[in-house]
Amino acid sequence: MPIVAGDLKLYLTGGAANADPLLSLGGTTSSVQFTDNTLDKLFASIGPAEALAGSEKYRALSFKNTNATLTAYAASIHISEETTAAGTTIALAYDSTGTQSIVNEDTAPAGLSFTTPLSLATAIALGDVAASGVARIWFRRTVTAGAAAAADEGKITITVGNAP
């Protein structure tokens with residue numbers, strides 16, 4: 001029996017019982033699944049001061065293969081639907097160590113290269129994710145200085161599949 005989409009899930013980070021996406025800043029994988037793919041559930045809304053000044057904010061989620069026996073071979077991740085908020089972009093980075101944490105959302109994780117993979121052809125390769133294994137994905141939200149404030153930044157869809 002092959003792995004099915006329901007075996008591949010995203011979980012918060014920031015402590016074993018962290019249930020607050022705003023505190024998903026790396027470290028230990030939480031037991032709480034991230035089930036809402038709207039940006040304003042992963043990042044706080046963009047207020048007027050932040051929109052005027054611009055910013056970069058960071059979050060970490062753990063991609064988990066919840067299948068107890070099967071490996072997810074050649075896993076990859078990409079953004080299949082980008083945010084519609086003007087002046088806002090999302091980028092992803094794979095953290096192969098999977099344990100890094102940051103002190104606050106304004107601090108960039110060390111040693112990572114962020115990209116905006118918008119198709120399977122440009123997806124970030126996660127490699128093989130063993131049964132019950134995890135791969136750490138960092139998200140960077142960039143707000144361009146002078147952007148409009150946004151209470152709802154729209155939807156972003158992250159797709160996990162096989163590397164090209």
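Reader: Where is S113 found?

Author: S113 sits in the loop between β5 and β6. A word on the source: this is a predicted model, in which local features need pLDDT of at least 70, side-chain atom pairs count only at pLDDT 80 or more, and totals for chains, interfaces and linings use all residues. Residues are numbered from 1 along each chain as its sequence is written, and side-chain values use heavy atoms, with hydrogens and water left out.

Reader: Is S113 buried or exposed?

Author: Start with the cut-offs. Buried means under 20% relative accessible area, exposed over 50%, and partly exposed in between (1.4 Å probe, protein chains only). S113 has 62% relative accessibility, so S113 counts as exposed.

Reader: Which residues does S113 touch?

Author: A contact means heavy atoms within 4.5 Å. Not counting residues up to four places away in sequence, S113 touches L92 and A93. S113 and A93 are 20 residues apart in sequence, but their C-alpha atoms are 5.9 Å apart in space.

Reader: How many helices and strands does the protein chain have?

Author: Helices (H or I, at least four residues) and strands (E, at least two) are DSSP runs, numbered from the N terminus. The protein chain has two helices and eight strands. From the N terminus on, the order is β-β-α-α-β-β-β-β-β-β.

Reader: In what order do strands form the open sheet?

Author: First, the pairing rule: two strands pair if DSSP finds at least two bridges between them. Here five strands form an open sheet in the order β2-β1-β3-β7-β5, with antiparallel pairing. The edge strands are β2 (29-33) and β5, and each pairs on one side only. From one strand to the next, the twist averages 40 degrees. For such angles, axes are lines fitted to C-alpha atoms (for helices over the stretch in contact), and angles run from 0 to 180 degrees between N-to-C directions.

Reader: How many bridges join β7 to β3, and how many to β5?

Author: Ten bridges join β3 to β7. Eight join β5 to β7. Take a residue from each pairing. R59 has F139 in β7 as its bridge partner. D95 stands opposite R136 in β7. Strand β7 is also mostly covered, with eight of its ten residues buried.

Reader: How many residues are in the largest nonpolar core?

Author: A nonpolar core is a set of buried Ala, Val, Leu, Ile, Met, Phe, Trp, Tyr and Cys residues joined through side-chain atoms within 4.5 Å. The largest one has 19 residues. Those with the most contacts inside this core are L61, F63, L92, L126, I137 and F139. At least two core residues come from each of β1 (8-13), β3 (55-65), β4 (72-81), β5 (88-95), β6 (124-129) and β7 (134-143). Strand β4 gives the most, with four residues. Apart from this core lies another, of nine residues, among them L25, A93, I102 and L112.

Reader: What does I137 touch?

Author: Leave out residues up to four places away in sequence. I137 then touches R59, A60, L61, F63, I77, L92, A93, Y94 and L126.

Reader: And where is the place of I158?

Author: I158 lies in strand β8 (residues 157-162). Leaving aside neighbours within four places in sequence, I158 is in contact with I77, H78, I79, L92 and F139. I158 and E82 are 76 residues apart in sequence and 8.9 Å apart in space, C-alpha to C-alpha.

Reader: How many aromatic pairs does the count come to?

Author: Rings of Phe, Tyr and Trp (its six-membered ring) pair if their centres lie within 6.5 Å; planes under 30 degrees apart count as stacked, over 60 as edge-to-face and the rest as tilted. The count comes to one aromatic pair. The rings of Y58 and F114 have centres 5.7 Å apart and planes at 55 degrees, so this pair is tilted. Y58 is in strand β3 and F114 in the loop between β5 and β6, 56 residues apart. Both Y58 and F114 are buried.

Reader: Which value of phi does A74 have?

Author: Most residues other than glycine have a negative phi. A74 has a positive phi, near 50 degrees. A74 is found in strand β4, and its relative accessible area of 31% makes A74 partly exposed. S132 has a positive phi too, near 65 degrees. S132 is in the loop between β6 and β7. At 45% relative accessibility, S132 counts as partly exposed.

Reader: What share of the protein chain do buried residues make up?

Author: Buried residues make up 43% of the 164 residues.
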